[in-house]
Amino acid sequence: MTTTLPDGSTLRLRALEPGDVDTLYLWENSPEMWEYGFFIAPYSRHQLWEYVRDYDADPLRSGQLRLMIDVGGKTVGAADLYGIDTANRRAMVGVMVAKAHRRKGYALAAINLMADYAAGPLAMRQLASTVAEDNPSSLALFAKAGFKHTATLPLWVRRGSEFVSARVFQLELDN
């Protein structure tokens, strides 16, 4: 899956490869990344190696799809469909762009490609995402991608000894 960005560069979503293990290791073990995600446990290189080695690329069977975001041959992030529910034709979507590559439109382009893929080959009718209210960049990203804020989960995400609410965003897909 590819798209051309406004600057003329090409963004491509691609399958996981063994060479991605070290990149995933850095991202998955960064406390900065934990702050806006919903998992706070480190992964070993071995765990990530097994994940990549055993990865089931059939999202309808495995219930998930992780794709790496490449721009100009450089891996800049990852995009996920997870919680894929074939009976109700819906899935959750998430995106992460490494800090050095943010604010360049990569996350928006990746979400749009994931939505096209979900609507097309996967025949999903809806995508959703849960975003902590203290993550203004992601709140703006999902709104810009056409997702509608449909619910708020009060005090849903722990931040040290405090809790912040999370917003649920949904996108109706054309199919």
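**Core and strands**

Modeller: This is a predicted model. Its largest nonpolar core has 47 residues, and those with the most contacts inside this core are Leu-11, Leu-13, Leu-81, Leu-127 and Phe-147. Helix α5 (residues 106-119) gives the most to the core, with ten residues.

Biologist: Which residues does Leu-81 touch, beyond those up to four places away in sequence?

Modeller: Leu-81 touches Gly-63, Gln-64, Leu-65, Met-92, Val-93, Met-114, Tyr-117, Ala-118, Leu-122 and Leu-127.

Biologist: Is Asp-80 buried or exposed?

Modeller: Buried means under 20% relative accessible area. Asp-80 has 16%, so it counts as buried. Asp-80 is found in strand β4 (residues 74-85).

Biologist: With which side chain does the side chain of Asp-80 make a polar contact?

Modeller: With the side chain of Arg-66, at 2.7 Å. Not counting residues up to four places away in sequence, Asp-80 also touches others, including Met-92, Val-93 and Met-114.

Biologist: How many bridges join β4 to β5?

Modeller: Seven, and β4 and strand β5 (residues 90-97) run antiparallel. Ala-79 stands opposite Val-95 in β5. The hairpin of β4 and β5 has four residues between the strands, and Arg-89 takes a positive phi near 55 degrees there.

Biologist: In which sense do β5 and β6 pair, parallel or antiparallel?

Modeller: Strand β6 (residues 126-132) pairs with β5 in the parallel sense, over three bridges. Here Met-92 stands opposite Ala-128 in β6. With α5, these two strands make a right-handed β-α-β unit.

Note on methods
Residues are numbered from 1 along each chain as its sequence is written. This is a predicted model: local features need pLDDT of at least 70, side-chain atom pairs count only at pLDDT 80 or more; totals for chains, interfaces and linings use all residues. Side-chain values use heavy atoms; hydrogens and water are left out. A nonpolar core is a set of buried Ala, Val, Leu, Ile, Met, Phe, Trp, Tyr and Cys residues joined through side-chain atoms within 4.5 Å. Buried means under 20% relative accessible area, exposed over 50%, partly exposed in between (1.4 Å probe, protein chains only). Contact means heavy atoms within 4.5 Å. A polar contact is a pair of N or O atoms within 3.5 Å; within protein, one must be able to donate a hydrogen and the other to accept it, and residues adjacent in sequence count only if both atoms are side-chain atoms. Two strands pair if DSSP finds at least two bridges between them. A crossover is right-handed if, with the strands pointing away from the viewer, the path from the first strand over the helix to the second runs clockwise.
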